[in-house]
Amino acid sequence: QKRKGKTEVAWRCRWSHLDPHLRVDTRVAGLAAGQAVTLRAVVADERGCLFQSCAHYRADGRGQLHLGTDASHGGDYTGVEPMGLFWSLAPAGMERPYQRLVPRSTGTPMRVEVLVHQGHSGPGAIHGPVMAKAEVQRWFTAPGVRRIRLKEGSVRGSLFLPPGDGPFPGVIDMYGDEGGLIEFRSSLLATRGFAALSLPYFDFEDLPKVMKEFNLEYFEEAARFLQRHPKVKGPGVGVIGTGKGAELALSMITFLPEVVAAVCISGCSSNTVADLHYGEMTLPGLRFDMNKVSVSDTGVFDTFEALDDPTNPANSPCTIPIEKAEGHFLLVVGEDDRMWKSSLYAQLAIGRLRQHGKENFALLSYPGAGHRIDPPSTPFCQVAVDRVLGVPVLGGGESKAHAHAQEHSWGKIQEFLHLHLG
């Protein structure tokens, strides 16, 4: 709260990421009737990179604003978007473009400064005088959630346990070809009552540095560890994966009896890039043809056409035989995914299941959403620097549609996991 002469502007935010569905309740009071203001959010990530967003509003006849009911008329988004300032955060003009705002630490909050400026000013412009500012703390772990770093046999990662005695439904959480350990979705799942194992599978500690080949025995060991944990309900566990992680989730539920539910976000129905071994079996990986990658005038790479065609009979050995799975699938895709053809791959998976008389699946398909569908209010990133290629790659999507897909899918994912894991 800050006084400017006779004008008092109050910013009230009721926020808890203990449940991401609880939105920030943002209100501004003490403005002149109909006064034009720009609301701006600013945050620095763990590396010090600055991200910001802005939106244009007008006060009502009482000199008040409520982002839950009042529409933005310009800036980074338009319309009534209570969380728009959060999901539209993007690298500031002086920063390297195409960086993704992802929390690296789950134990400390993301501190977002929110400012009210006089007048309307666009993204990247010089903003008017500051009338008020406040800090919003975005937490990714609830009080009482325990984080346990794992070195169990060959398994690496972090186990997040909800408060209480349990037992809790167990879920393995994996991301894509960026590698390393990404924990924030696991900590949020633990906040919602799941025992969640954030499972890296390359480029972490003593795991392989690159995606050359994988052994399903590593993932089997992780599933058995989680299934047998005294805090995990059982009899089976679930898995959630994005990109390459979604594809591995399909293989896990297909070959591992411990896995009874799989959430596959923007995945492929065939094994890709790295050969997957399990005992005497090998699923070769579909390859990317770099000659089919297009590059825009701004240097952004489009890989949409680059993956080998999984429908080509010559590539049938790469197909994951998901009809063998006894569990249930939830397929989540953005219809504007430009990383690869995840909508097509979901339809191929559904066709294969139906061909074998199976209806053990559900599909969430979102028009206008891009590749990486994360928990609610995660900042939209249409183009991001690919860790492997080292160049900006088009993920696709439109910011508002993608944000709505993230919010809707998060609730549906939890419902699916509770239904099949208890």
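Me: Where is the place of Tyr98?

Reply: Tyr98 lies in the loop between β8 and β9 (110-118). Helices (H or I, at least four residues) and strands (E, at least two) are DSSP runs, numbered from the N terminus. This is a predicted model, in which local features need pLDDT of at least 70 and side-chain atom pairs count only at pLDDT 80 or more, while totals for chains, interfaces and linings use all residues. Residues are numbered from 1 along each chain as its sequence is written, and side-chain values use heavy atoms, with hydrogens and water left out.

Me: What is the phi of Tyr98, and is Tyr98 buried or partly exposed?

Reply: Most residues other than glycine have a negative phi, and most peptide bonds are trans. Tyr98, which is not a glycine, has a positive phi near 70°. Tyr98 counts as partly exposed because its relative accessibility is 27%; buried means under 20% relative accessible area, exposed over 50%, and partly exposed in between (1.4 Å probe, protein chains only). Ser377, also not a glycine, has a positive phi of about 70°. Ser377 sits in the loop between β23 and β24 (383-385) and, at 8% relative accessibility, counts as buried.

Me: Which residues does the cis peptide bond with omega about 5° join?

Reply: That bond joins Gly234 and Pro235, and Pro235 is in the loop between α3 (216-228) and β16 (237-242). The peptide bond from Gly166 to Pro167 is cis too, with omega near 0°. Pro167 belongs to the loop between β12 (155-161) and β13 (170-174).

Me: How many residues line the second largest pocket, and which lie nearest its centre?

Reply: Rolling a probe the size of a water molecule over the atoms shows where empty space is left. On a 1 Å grid over the protein atoms alone, where a 1.4 Å probe is fitted, a pocket is an open set of points with protein on both sides within 12 Å along at least five of seven lines, and lining residues have an atom within 4 Å of a point. The second largest pocket is lined by 26 residues, with Ser88, Leu89, Ala90, Pro91 and Phe380 nearest its centre. Two elements give two or more residues to this lining, β5 (50-58) and β8 (90-91); the largest share, three residues, is that of β5. The volume of the pocket, the space filled by probe spheres set on the points, joined across faces, edges and corners, is about 440 Å³.

Me: Which residues of α5 are buried?

Reply: They are Ser342, Tyr345, Ala346, Ala349, Ile350 and Leu353. Seen down the axis of α5, these buried residues fall within an arc of 140°, so they line one face of the helix; the arc is that of the directions from the helix axis to the C-beta atoms. The buried residues of α5 pack against β22 (328-334) and β23 (361-366), where contact means heavy atoms within 4.5 Å. After α5 comes Gly357, with a positive phi near 75°.

Me: In which strand is the place of Leu394?

Reply: Leu394 is in strand β25 (residues 392-394) and, at 19% relative accessibility, counts as buried. Beyond its neighbours within four places in sequence, Leu394 is in contact with residues including Val300, Phe301 and Asp302. Ser296 and Leu394 are 98 residues apart in sequence, and their C-alpha atoms are 9.9 Å apart in space.
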